Amino acid sequence: METPPATLDRIRHQIDALDDTIHDALMARARLAADVRAAKGAGGPTLRPGREANVIRRLVARHAGPMPASVGVRIWREIMTANSRLQGAFAIAVATGAAGGQGIELARDHFGTLTTLQPAGSAARALSALASGRAQIALVPLPGDTPDDPWWRGLGAGPAPQLNVIARVPFAPDQRGGAALLVGRQTFDASGQDHGFAIVETRAELSQTRLTAIFGKAGLTVIGLPAAHDDPSGGSLQLVELAAYAEPGDARLAQVAAALGEGALVRPVGGYAAPLDLRRG
């Protein structure tokens with residue numbers, strides 16, 4: 001049965017009214033970006049991955065109806081990044097080989113259509129753009145994807161502001177697969193449901209089994225040891241992925257360093273919000 005024209009016109013008027021309401025809300029949200037910038041003060045981070053993760057989690061939890069939640073995630077990613085750009089300079093240096101060559105695509109999906117992307121041929125070049133201020137964020141490969149390129153060694157070291165992992169993308173994975181890390185010149189923005197990274201430096205090589213046991217005894221669960229780098233002088237660096245984020249000054253990290261012996265150092269280097277898997281159910 002065909003819908004009567006009068007009924008169809010009424011539905012279209014309702015849609016138009018909703019479109020106006022949505023547009024008004026978007027414009028109001030954008031005006032608030034100026035207030036956010038003023039509240040942060042000069043030098044405050046433009047990107048807040050923990051805050052963004054919690055916004056997406058909250059919206060997905062309340063989502064209902066026929067529209068897929070993944071569509072809502074993509075819409076809000078575009079909205080949040082647009083508001084971040086209103087708060088200050090915003091360019092992303094992208095290691096184009098990340099995620100099996102999907103670096104640019106991952107960055108575009110996460111940061112929206114209008115964000116400036118700076119292609120970089122390697123993680124080192126992306127991090128150089130970040131360190132020099134030519135970019136505010138660097139998208140780099142997962143450490144385990146590039147075992148011959150220990151780009152992660154300098155994280156958390158040197159004078160402030162230090163380079164830290166601040167997010168993993170995509171936050172809500174889809175069927176395409178592939179992932180990368182975001183690195184920024186800012187402290188980690190915790191969401192409350194996070195995984196962490198730490199770099200362990202020792203004077204001698206250390207087995208993964210022993211390292212995992214030492215972290216466990218300190219109350220920190222290791223979920224991965226994605227990369228390691230042996231120094232020609234005999235020292236060793238290992239990147240440790242933890243089930244929960246441990247911030248600088250955490251007594252458990254000091255306990256790990258003490259158990260590893262003289263000269264051992266453990267430095268937290270950020271983390272990422274636990275991914276939201278929309279593929280389940």
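1. Is arginine 203 buried or exposed? Arginine 203 counts as exposed, at 56% relative accessibility, where exposed means over 50% relative accessible area, buried under 20% and partly exposed in between (1.4 Å probe, protein chains only).

2. Before going on, a word on the ground rules. This is a predicted model, in which local features need pLDDT of at least 70 and side-chain atom pairs count only at pLDDT 80 or more, while totals for chains, interfaces and linings use all residues. Residues are numbered from 1 along each chain as its sequence is written, and side-chain values use heavy atoms, with hydrogens and water left out.

3. Now the overall picture. The protein has eight helices and nine strands; these are DSSP runs numbered from the N terminus, with helices (H or I) of at least four residues and strands (E) of at least two. The C-alpha trace spans about 80 × 40 × 35 Å along its principal axes. Of the 281 residues, 42% are buried.

4. On to the charged pairs. The model holds six salt bridges, each a side-chain nitrogen of Lys or Arg within 4 Å of a carboxyl oxygen of Asp or Glu. One of them joins arginine 203 to glutamate 262, at 3.8 Å from N to O. Arginine 203 sits in the loop between strand S6 (194-202) and helix H7 (208-217), and glutamate 262 in the loop between helix H8 (251-260) and strand S9 (265-273), so the bridge ties together parts 59 residues apart in sequence. Glutamate 262 is exposed too, with a relative accessible area of 71%.

5. Compare that with the pair arginine 77 and glutamate 52, whose side chains meet in a salt bridge of 2.9 Å, N to O. This pair links distant parts of the chain, with arginine 77 in helix H3 (residues 69-86) and glutamate 52 in helix H2 (residues 49-62), 25 residues apart. Arginine 77 is buried, at a relative accessible area of 8%, and glutamate 52 is buried with a value of 8%.

6. Aspartate 250 and arginine 252 form another salt bridge, with their closest N and O atoms 2.8 Å apart. Here aspartate 250 counts as buried at 16% relative accessibility, whereas arginine 252 counts as partly exposed at 30%.

7. Which backbone oxygen does the side chain of arginine 267 reach at 2.5 Å? The backbone oxygen in question belongs to arginine 153. A polar atom of the arginine 267 side chain also lies 2.8 Å from the backbone oxygen of leucine 155. Arginine 267 lies in strand S9 and counts as buried, at 19% relative accessibility.

8. Finally, two surface patches. Patches are made of residues with over 30% relative accessible area and no salt bridge, like charges being joined within 9 Å and nonpolar side chains (Val, Leu, Ile, Met, Phe, Trp, Tyr) within 5 Å. Asp16, Asp19, Asp20 and Asp24 form a negative patch, with Asp and Glu counted as negative, Lys and Arg as positive, and His and the chain ends not counted. The place of a charge is taken as NZ of Lys, CZ of Arg, CG of Asp or CD of Glu. Aspartate 24 lies in helix H1 (residues 5-40) and is partly exposed at 45% relative accessibility. Met67, Val71, Ile75 and Trp76 make a nonpolar patch of about 330 Å², with areas from the Shrake-Rupley method and a 1.4 Å probe. Tryptophan 76, in helix H3, is partly exposed, with a relative accessible area of 32%.

How values were computed:
Polar contact = N/O pair within 3.5 Å; in protein donor to acceptor, adjacent residues only side chain to side chain.
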